[in-house]
Amino acid sequence: MGYYDNQQSVANIAVGLMDKGWKVYGYRADESDAMTDYFSPASWSVGIAEKDGYILLVDVYGTHNSGYKVTKNTYTPDFSKIEKLRATINDAASSENEKEASQKIIDNMMNKQKESTTIIEEYPTFKNANPKGCNWHIEKDGNIIAKGKGAFQCDGYLFGGYREETMEKVNAFINRIEKHIEDNTQLVAVTKKVIKKVTKPVELKINLIDFKVNGTIIKLNCGFTGGHYQGELLQLVEVYTYGEKTRYSFVKLGKKYQQLKRYGAANNTLVLDSVKLENWLNDGSISTMELKEVEEVTEKIVYKKAKRDNSQKENLLQGETVEEVKTEVTDNQEANIETKEVNLNNNNDKIKCETGTGAKGNGIEITFTSKPSEEVRNSLKAVGFRWGGKKRPSIWWAVMDEDNLSLVKLLAGEELQEESKEETTEDENIYNNDDVLKQEETIDNDLYNNKVTETPTGFYCHFKEWNLDIDYIEKLLNDYNIPFYIAGDKFIFEGVSHGDLSLIEVINEANQSILWDDSYKHDELIKDIEESKNSYIAEMENARASELDFDLQYFASTPTEEDILSAFDDIDLVQGNNSVISEDDRAYCEQLEKQFNEVRESYNNFEQQLRALGNDNSFVDSHRDFYPIEDRLKKLCESFVYKFARYFNEKYNIKIDSYELIEKYNINVSADDLINELVEQLDGLNFNEKAEQEIKQEIKDVISYKDIKVNNNKVTIDSFFYCDDFSLKWYKAHRVSYNSHGNFVKLFKALSHFMTGKAELTQTFKTWETKLTDRENEDITKVHEIHYEHLETIKLFKNGRIDIQFTSKEHAKKFYNEYLQR
């Protein structure tokens, strides 16, 4: 998508917002006129809309329009008259009365203009531009409640048959926005004090003799020559003597107080001699600092769910019997497990209530021995409980809060002892991901240290290849307090409860991905790590034993000079480079050189005949006769090199750098010279090895900055190609862009070599390369059945992603390791 497509998309969103009752600011309708060839498309450069106190900002990267007032003047002063009056004021010949009268007239005119100014429209006040990596966000009371991408996917025309398709994309985007607002109405803003330990520079006065290399930090309290500004921090890296002066070399520190590169385009180094440094320390131009860890208290506005009315829960589950109440032990609470049966009516149905479920210990689960009545189910839904799904139909669950805890007390028929909690645990259901990051760090450290944490109660699973927005999935999981962490391209859930797992399955269905059950892998993980550790120790011991045995054999029989010289007797020395190329190749080179020499000699003889005529012949022109011959001989040499390179390129599928040879050699080039250069470019490889090396390097250059994944028998490459914008816009067809044709050629060469071991592209892959890059292809975004050797299918996506499916996981892994791994 280009700039104008993005602007068209934003303008379309403005139209959709106005249709849904939003107040849109700064929108200008389409004013184009085909009759007069006037082009002025619809525009929404302001990108601000408001509804019910929520402010939507689309493609806004600054706050200059916050609270901006659009004004209109009904009176415009005569500026030419003002210029004349000012000239009168500045004229030395004017009297004081004239100057005073002139200034009074000017003031009256300007005041009249101010009084006639009316405010047409005032933009709402906002505090944030679109966050990094996002092109829209929603604000309320200066706080961002939602953000994301997708604002540039609504391009299209709003006339004729195009309008319905365009508005479908626009409405999908707006519905997503309003869903965020609807979810936010169920939350309450809470101001939370966050205490962080941060490293900050603190002033510390020390003498020059106490300066330490890689330890002492200085701060510039004023600007210095050489591109060093006030407030910069620099660290001492070297002290040396130059002549009779002692010099101190400092390097600039970055945002995280790390040393920047000493040499490069930026001037990050400052060198001062001891005398100047001491003077600037004394007068305060430079101060010494040290890095200290300090506590920083900041206020953070987060959103948590509003508490529900207890009156609803008091009427819940009337007539049920409680069997057991269980509270799980966590770091901040003691175990409190009791069994109590309370007959609330005469039926024999029993339920089990568990509190402290989930990895965070903040869940409540109710297990029914029989299906509850419709009235009970409606009551459970009304107070926030969720059904466990088809796999666990007897379970209803909710996130634990004070209201839910009082419900458990009511069901148990007695008051439970309140456990003491730290202040931070009260906000565990706040939309915050700090504890997730700590959990991920702990898991990584355990794996690196060959440790396996004790198995928590619950389920293990993960899913990947999401179709929903990643930020949206993460917000859903945080909103419902489902413990997770992100590892690479996976959302991983460890030790989740029945209720959490049911919600994960709901999100997974909306995401249309595969949910992998990892519960059975925990014991295998312990076993694999132990086996891997034992195998590594055994390999190291065997390797050390082999090295020791070799050392003993070497010192037991040290070779003599005669032994070393005799080793060369078995080497067959080959004269020149005759062994590198075949007899047919050499015959071709000799024939090519013979033809080249014949033509070259003919031109040389003709030139000599012209020169023999001398200056006495008035028809001989040195400029018109000799220069064309010299130019033709130069072109002749280039043609000789091109033909030589093309022969080997086409026969062995390698690339010879003919331009380098042309620049290196003149008209006296020979076939032996070119063969020697060919051997040098082969770099010790034969033709097949060189061709294989080039094929692998070409595909690696294509995917050097791409994201590549191997999942079972499938290899996925993101952003491998681009779709043609022209075909998509005018013909509604997804075709490969011309600039991406070369990527497919290199990919199919790699696949062909992987299947056959030959550098030449097979006919099958030639056909598929032509078919996928054909300009008449209506739609490439589908599964293409290849079924050749180990290759099954290739699937292309609109976003440039390509999936290559092999017959087995081993073949996919082998292709990735040999051709794609960087």
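Tryptophan 396 is found in strand 19 (residues 395-399), where strands are DSSP runs of E with at least two residues, helices are DSSP runs of H or I with at least four, and both are numbered from the N terminus. With a relative accessibility of 4%, tryptophan 396 counts as buried; buried here means under 20% relative accessible area, exposed means over 50%, and partly exposed lies in between (1.4 Å probe, protein chains only). Tryptophan 396 and threonine 367 stand 29 residues apart in sequence, yet their C-alpha atoms are 6.5 Å apart in space.

The model is a predicted one, in which local features need pLDDT of at least 70, side-chain atom pairs count only at pLDDT 80 or more, and totals for chains, interfaces and linings use all residues. Residues are numbered from 1 along each chain as its sequence is written, and side-chain values use heavy atoms, with hydrogens and water left out.

Turning to the chain as a whole, 22 helices and 28 strands are present. Of its 822 residues, 38% are buried. Among contacts (heavy atoms within 4.5 Å) with a sequence separation of 6 or more, 64% join residues 24 or more positions apart. The chain exposes about 50,200 Å², and carbon and sulfur atoms supply 47% of that area. Accessible areas were computed by the Shrake-Rupley method with a 1.4 Å probe, and for residues only the protein chains shown count as cover.

Salt bridges come next. Side chains of opposite charge can pair when their charged atoms come close. A salt bridge is taken as a side-chain nitrogen of Lys or Arg within 4 Å of a carboxyl oxygen of Asp or Glu, and the count comes to 18 by this rule. One of them pairs glutamate 178 with lysine 51, with 3.4 Å between the closest N and O atoms. Because glutamate 178 lies in helix 4 (residues 162-184) and lysine 51 in strand 2, this pair ties together parts that are 127 residues apart in sequence. Glutamate 178 is partly exposed, with a relative accessible area of 22%, and lysine 51 also counts as partly exposed, at 24%.

A further salt bridge joins the side chains of lysine 655 and glutamate 698, at 2.8 Å from N to O. This pair links distant parts of the chain, 43 residues apart: lysine 655 sits in the loop between helix 15 (622-652) and helix 16, and glutamate 698 in helix 18. Lysine 655 is exposed at 54% relative accessibility, whereas glutamate 698 is buried at 12%. Helix 18 spans residues 687-702. Leaving aside residues up to four places away in sequence, glutamate 698 touches Lys655, Lys746 and Lys749. Lys655, Glu698 and Lys749 are linked in a network of salt bridges. Elsewhere, aspartate 718 and lysine 709 form a salt bridge through their side chains (3.7 Å, N to O), and lysine 709 is partly exposed at 25% relative accessibility.

The surface also carries patches, which are made of residues with over 30% relative accessible area and no salt bridge; like charges are joined within 9 Å, and nonpolar side chains (Val, Leu, Ile, Met, Phe, Trp, Tyr) within 5 Å. Asp657, Glu660, Glu663, Glu680 and Asp683 gather in a patch of negative charge. Another patch, nonpolar and of about 380 Å², is made by Phe726, Trp730 and Tyr731. Phenylalanine 726 lies in helix 19 (residues 725-730) and is partly exposed, at a relative accessible area of 47%.

Aspartate 683, a member of the negative patch, has a positive phi of about 55° although it is not a glycine. Aspartate 683 lies in the loop between helix 17 (671-682) and helix 18 and is exposed, at 64% relative accessibility. Aspartate 52, likewise not a glycine, has a positive phi of about 55°. Its place is in the loop between strand 2 (48-51) and strand 3 (54-58), and aspartate 52 is exposed at 66% relative accessibility.

Definitions and conventions. Lys and Arg count as positive and Asp and Glu as negative; His and the chain ends are not counted. The place of a charge is taken as NZ of Lys, CZ of Arg, CG of Asp or CD of Glu.
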